[in-house]
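This report covers helix packing and nonpolar cores. The chain is shown first.

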Amino acid sequence: MADLDDIKDGKDFGLDKPADRQGFYLKGLAHYDWGLKNRMGRIFNPKTGRTVMLAFDHGYFQGPTTGLERVDLTILPLAEYADVLMCTRGVLRAQIPPTVTKPVVLRCSGGNSILSELSNETIAVDIEDAIRLGACAMAAQVYIGAEYEHKSITNVIKLIDTGMRYGIPTLAVTGVGKDMARDARYFGLATRIAAEIGSHYIKSYFIEDGFEKVVAACPVPIVIAGGKKLPELEALEMAYKAVDQGAAGVDMGRNIFQSDDPVAMIQAVGKVVHELEKPEKAFQMYNDLKSAS
């Protein structure tokens, strides 16, 4: 049994020493097979090592939330500006034309709703269907500290094991319950556990205090969630701070599709993520595009 009486917080994160990528541009992935690295290479731009994922999988537990009432009207105009689409298989088949060639990260957990305990999920997609849909990665929530923590971790482990047979990476998404502290200690724990069980990259949240240490202590890439809707400038500032402190991109939903001008916003986010444009200039770009539309 693990000794819980002498657990000490980490102190030496080597922030002045970049991770050794050992010949592959994404950290922690050098020793995987060609097919898996090729799929990760479609998700993360090889020139920048970063990605702008457009998340619109919210309906799997929220229903037709604001901005996603008609995916065909609100999301399709954004697809050309995203690096990756993150969605469920139902919406992918029903409303995303197969002529859209953007890589897809497939939401593969489900079985819950906003009316029930969110951590009580199951695997909702069989590996054969993920292959049939041409998924570049599979995604599932991991709820550290929640009621069904063990079940959610097991779900991710199963996706990793089945995905590895076919060269499909797994994205672990750190779900945060309402009673959990959103701090570096929690996200350091959640992201490290997800990496230790074999997740190929991780979606987490940006925090003002200690995010750089969370990224440094995670041996695989981290992308940040957009979270709740923020004013456009604040969302751009969050994205800039995250990538400046080591995040490999964003997986944004509401801060894009609930924006006053979603097409302008996703382009501004891309400018920040891939070109490290300062938030103020990116916000001016947003306003210029908004005025021209």
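## Nonpolar cores

A nonpolar core is a set of buried Ala, Val, Leu, Ile, Met, Phe, Trp, Tyr and Cys residues joined through side-chain atoms within 4.5 Å. Buried means under 20% relative accessible area, exposed over 50%, and partly exposed in between, with a 1.4 Å probe and protein chains only. The model is predicted: local features need pLDDT of at least 70, side-chain atom pairs count only at pLDDT 80 or more, and totals for chains, interfaces and linings use all residues. Residues are numbered from 1 along each chain as its sequence is written, and side-chain values use heavy atoms, with hydrogens and water left out.

The largest nonpolar core holds 69 residues. Leu54, Phe56, Leu106 and Val269 have the most contacts inside it. Another core lies apart from it, with 21 residues, including Met40 and Leu171. Contact means heavy atoms within 4.5 Å. Beyond its neighbours within four places in sequence, Val269 touches Val52, Leu236, Val250, Met252 and Ile256.

## α9 against α11

Helices (H or I, at least four residues) and strands (E, at least two) are DSSP runs, numbered from the N terminus. Axes are lines fitted to C-alpha atoms, for helices over the stretch in contact, and angles run from 0 to 180 degrees between N-to-C directions. The axes of α9 and α11 are 9 Å apart, at an angle of about 25°. That makes α9 roughly parallel to α11. The cut-offs are under 35 degrees for roughly parallel, over 145 for roughly antiparallel, 65 to 115 for roughly perpendicular, and oblique for the rest.

The crossing of α9 and α11 is right-handed. A crossing is right-handed if the near helix is turned clockwise from the far one by less than a right angle, and left-handed if anticlockwise. From α9 come Glu232, Ala235, Leu236, Ala239, Tyr240 and Val243; from α11 come Met265, Ala268, Val269, Val272 and Val273. By class, this contact of α9 with α11 has ten nonpolar residues, no polar and one charged. Ala, Val, Leu, Ile, Met, Phe, Trp, Tyr, Cys and Pro count as nonpolar, Asp, Glu, Lys and Arg as charged, and the others, Gly among them, as polar.

Helix α11 spans residues 262-275. Its axis is 9 Å from that of α12, and the angle is about 155°. The two helices, α11 and α12, are therefore roughly antiparallel. α11 passes α12 in a right-handed crossing. Ala264, Met265, Gln267, Ala268, Lys271 and Val272 of α11 meet Ala282, Met285, Tyr286, Leu289 and Lys290 of α12. The contact of α11 with α12 divides into eight nonpolar residues, one polar and two charged.

Helix α9 (residues 232-244) also packs on α12 (residues 279-292): their axes come within 9 Å and cross at roughly 135°. α9 and α12 are therefore oblique, and their crossing is right-handed. Glu232, Leu233, Leu236, Glu237 and Tyr240 in α9 meet Pro279, Glu280, Ala282, Phe283 and Tyr286 in α12. Seven of these residues are nonpolar, none polar and three charged.

Is Ala268 buried or exposed? Ala268 sits in α11. It counts as buried because its relative accessibility is 0%. Leaving aside neighbours within four places in sequence, Ala268 contacts Leu236, Ala282, Met285 and Tyr286. Ala268 and Met285 are 17 residues apart along the chain, with C-alpha atoms separated by 6.4 Å.

Leu276 lies in the loop between α11 and α12. Its phi is near 55°, a positive value in a residue other than glycine. With a relative accessible area of 39%, Leu276 is partly exposed.
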